[in-house]
Amino acid sequence: MGKIEEAKVSCLNVLTYHRELLVKRLRSIQCILDNLLASGFVCEEDVEIVQRTATKTDQVRKILELVQCKGEEACEFFIYIIYKVCDAYIDLKPWLQELNYCPSNTISLMKVVNTDPISRYCEKLRHEMSRDTSFIMSYGQKEETRLEDLYTDTMIELLNESNESLGFLESLDQLLDDHAVFNPQGETIYVRGDAGVGKSILLQKLQNLWSEKKLHTDAIFFFKFRCRMFSSFKDAEQISLRDLLFKYNCYPDHDPDSEVFDYILRFPDKVIFTFDGYDEIQEDLDLINVPEVVSPEDKAHPLQLLISLLCGKLLKGSQKVLTARTGIEIQSKVIRKKVTLRGFSPAHLKSYIDLHFKEQEIRELVKVQLDASPHLCGLCSTPLFCWIVFKSFRHLHSMHDRFQLPETSITLTDIFLMLCEVFLSRSSSPAPSLLKKSTRCASDTLKGGLRPLAAFAKLALQGMERGGFICSQEEISACGLAEEDLPLGFLRPVSEYDASESPSMFEFLHITLQSFLAAFALVLDEQAAPSSILKFFTECSRKRETSCLPFDFCISGSSKPGEKKPFATNEHLQFTNLFLCGLLSKAHTGLMEHLVSPVLLKKKRVLLQSYLSTSVKSHLSGLSPYNSDEGKKVHVLPNFLWILRCIFETGSKDIAQMTAKGITASLIKLGYCNVFSGDCTAINFVLQHRKKLMGLDMDNNNISDYGVKQLKPSFSKMTVVRLCVNHLSDSSIEVLAEELCKHRIVEVLGLYNNHITDVGAKLVAQIIEDCPKLRVLKIGKNRITAVGGRFLAGAIQKSTSIFDVGMWGNSIGDEGAEAFAEALRHHPSLTNLSLSANSITSAGGKSLAEALKENTVLRIFWLVQNEMTDDAAPHLADLVQANTGLSHLWLINNQFTVDGIRQLSEALTHNKALKEICVKGNQLSEDEEKLFVAETRLRFH
């Protein structure tokens with residue numbers, strides 16, 4: 001129709017012409033009536049007439065009659081209201097685009113106030129969410145920190161369906177976009193990570209960005225839930241989807257016709273949900289042994305509503321973000337996208353230090369102490385532990401002149417003991433400026449606060465025993481806690497469970513703190529038998545299978561009737577056992593003897609160490625070694641990592657030596673065991689006692705540079721070092737070069753898919769030259785260019801032991817290829833080489849082919865995903881015809897045409913030893929490929 005203003009088309013005629021369309025699509029009239037009244041186009045009596053009209057469609061007809069009676073200006077103002085309040089009238093957006101509407105100068109000066117229930121509710125949600133997410137709960141209920149003052153990004157790694165890395169997010173906006181979506185039919189964005197790695201705070205940041213209109217999304221509604229609340233409902237309790245959304249977030253105002261909920265049902269793509277802590281759901285499976293909820297009007301148990309939302313049975317098309325701890329597997333059919341949180345990188349940690357410590361002097365002091373302790377840096381890569389360490393340091397440093405972070409290997413138990421010391425000291429001490437002691441006595445502080453500490457510990461243990469994270473005011477009082485104890489900081493109020501503002505329900509500051517206090521209760525208990533300290537170990541056996549329930553149940557069928565699995569993971573119990581080992585360690589004897597009978601303490605320690613020794617022997621005897629190319633290998637299970645963590649917390653060299661001796665295999669495989677940098681001290685604590693040479697395969701973990709530094713003492717005995725996919729930088733390679741070149745025993749070095757540059761490549765070249773037994777090097781998918789390629793090729797040329805080199809996925813180009821050509825020319829031992837995906841063109845291919853004519857050793861050569869054309873074909877054909885002993889040549893995904901492939905095919909007639917030339921993915925049609933069907937060694941598939 002063209003622009004209304006330019007064409008001078010009558011708005012009155014437009015309303016007449018499109019009358020039925022408007023009657024059909026105009027759903028919300030409140031905003032239109034309010035603005036027409038405010039601008040004087042209608043009076044109160046007109047509004048009452050409209051409101052007395054029986055149906056919505058008749059009300060729209062009445063409004064159209066009124067504005068058309070008022071004239072052209074009223075008609076255009078009617079259209080202008082729809083134009084300005086676009087969210088409320090989304091159904092009419094195509095109509096406005098068809099009109100190509102542009103308001104006249106006169107109308108554009110008139111004020112439109114958005115009183116639409118949908119828009120009002122959006123603003124109310126933003127306001128409520130901004131209030132709820134702008135602060136981070138800190139020590140005590142009255143001390144809070146602004147989110148923007150302390151939030152620091154963490155490493156967010158994108159994963160594909162097979163949990164392989166696709167790189168890292170650059171911003172939170174990318175979490176919701178379509179990048180790295182592997183299942184477009186999926187409804188849920190799955191965020192996973194270890195305890196304390198920052199899943200909840202990430203969601204809080206996402207929510208806060210949306211509330212401040214800083215999140216790149218067109219969603220106008222955002223509903224947040226914590227999954228543990230779904231376990232607080234009674235067995236028979238049922239609720240509608242409407243009440244679930246509004247009761248546990250906020251209700252719309254002035255919405256008598258339920259326009260908001262109707263809008264949500266019609267436009268689910270305008271809604272974002274976050275569900276935090278799926279692993280914390282605890283429920284009897286029989287409760288959900290009913291059909292899935294499909295109708296949004298039906299009432300059901302809240303857990304069923306959750307499952308139906310996540311599966312897309314309700315509000316299909318809405319965006320859902322679900323968090324859970326590592327180890328919780330959810331079927332890929334419902335996952336749209338998957339990320340895992342990797343904690344702080346060194347750069348993130350530096351930023352976090354700068355935010356925490358504004359004073360330059362203290363900031364530098366913390367950095368110096370962290371630099372001196374790779375283990376502490378490793379622990380601080382987990383945001384929760386870092387937060388505890390930094391807040392404890394700030395508080396204790398303000399009270400004691402000479403307080404420093406521990407110089408020896410600090411344990412998780414040490415960290416949480418510091419937290420308890422801070423909580424208790426804050427309750428009894430004057431302001432720091434009035435009391436600054438020269439010495440610190442943690443035992444005095446804990447002993448002075450033993451009454452509330454023991455009560456909080458009892459409360460935590462009761463929760464663990466019944467499988468609960470939430471405690472009521474009655475339960476708190478029953479444990480002996482008074483009102484004045486609550487602000488200490490151990491607990492924080494929660495209101496989402498009863499949808500009221502009353503803090504009648506509480507939870508521990510973090511579930512890991514609850515685990516620590518539960519362990520404390522087991523140590524302090526003088527009434528129960530000493531053997532009661534072992535109650536949670538039996539629930540954490542290595543035979544326990546990872547569960548996906550109840551989500552799995554709702555997707556794929558039923559489970560055994562009456563079966564009850566309180567948690568989808570038992571990690572909170574594992575942490576309780578770990579802290580028990582720490583509290584009963586020899587290092588903490590002096591402290592704990594101030595709190596519990598020394599005789600009883602000794603009994604419990606002896607009992608625990610005996611149990612640990614027996615468990616280690618049992619676990620090791622159950623591991624079946626198998627033979628591999630790298631020797632006798634044993635693949636330990638993830639629970640073995642918890643055993644190592646517990647041994648480290650005990651500090652017992654005897655148990656560590658016994659464990660090291662009990663590992664009979666020559667190669668230990670810890671791949672895909674979710675090892676993070678802080679675990680490497682525990683691994684080293686055991687492996688350093690190993691007498692024989694060994695190999696260590698830690699591929700596909702998250703140990704980072706901090707972890708490599710912690711493993712340093714163990715490299716003296718390692719013949720196999722596999723650290724692929726571990727986020728290592730050149731800093732790690734510097735440590736490896738120093739240690740491996742010193743001991744000269746390494747035979748296999750795996751560094752695939754890290755962050756190694758040419759600087760690191762030069763150090764790896766040094767390892768190749770100095771280690772005469774090195775046979776295998778995997779260094780693909782790093783950041784190595786021609787410069788690094790030359791370093792590596794030069795070292796390989798000098799080596800007489802190396803026979804397998806993997807360089808897939810670097811960028812050495814033709815210059816690097818030429819360097820490798822020289823290395824290959826007369827090499828005595830190299831049999832396997834991959835230079836795939838290295839930006840090698842025909843020039844590089846020519847150099848390699850010419851050099852290989854003088855090589856009789858290489859058997860397998862991969863040049864996949866390069867840029868070679870037919871120009872390289874005659875040189876490769878000459879290589880084939882030379883019959884050097886090459887058996888496998890892979891040229892997949894290059895740029896050869898039928899002419900180039902013909903030359904290779906003809907050369908094969910002169911070579912009987914070559915088993916295959918793989919040429920899949922080159923520039924041949926199906927008909928052209930059929931021309932070579934007689935030559936079976938030419939592989940197109």
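Keep in mind that the model is predicted. The protein has 941 residues, 57% of them buried, and its secondary structure comes to 41 helices and 29 strands.

**Overall build**

- Taken along the principal axes, the box filled by the C-alpha atoms is roughly 100 × 85 × 60 Å.
- If you look at contacts between residues at least 6 apart in sequence, 80% of them join residues at least 24 apart.

**How α10 and α13 are arranged**

- Helix α10 covers residues 117-133 and helix α13 covers residues 199-211.
- The two pack at an angle of about 135°, and their axes sit 8 Å apart.
- Roughly antiparallel would take an angle over 145 degrees, so α10 and α13 count as oblique to each other.
- As for handedness, α10 and α13 make a left-handed crossing.

**Who touches whom**

- On the α10 side, the contact residues are Cys 122, Leu 125, Arg 126, Met 129, Ser 130 and Thr 133.
- Across from them, α13 brings in Gln 204, Gln 207, Asn 208, Trp 210 and Ser 211.
- Sorted by class, the contact of α10 with α13 has six polar residues, four nonpolar ones and one charged one.

Notes. Residues numbered from 1 in each chain as written. Predicted model: local features only at pLDDT ≥ 70, side-chain atom pairs only at ≥ 80, totals over all residues. Heavy atoms only, no water. Axes fitted to C-alpha atoms, helices over the stretch in contact; angles between N-to-C directions. Helix = DSSP H or I, 4+ residues; strand = E, 2+ residues; numbered from the N terminus. Parallel < 35°, antiparallel > 145°, perpendicular 65-115°, else oblique. Left-handed = near helix turned anticlockwise from the far one by under 90°. Contact = heavy atoms within 4.5 Å. Nonpolar A, V, L, I, M, F, W, Y, C, P; charged D, E, K, R; others polar. Buried < 20%, exposed > 50% of the residue type's maximum accessible area, 1.4 Å probe, protein only.
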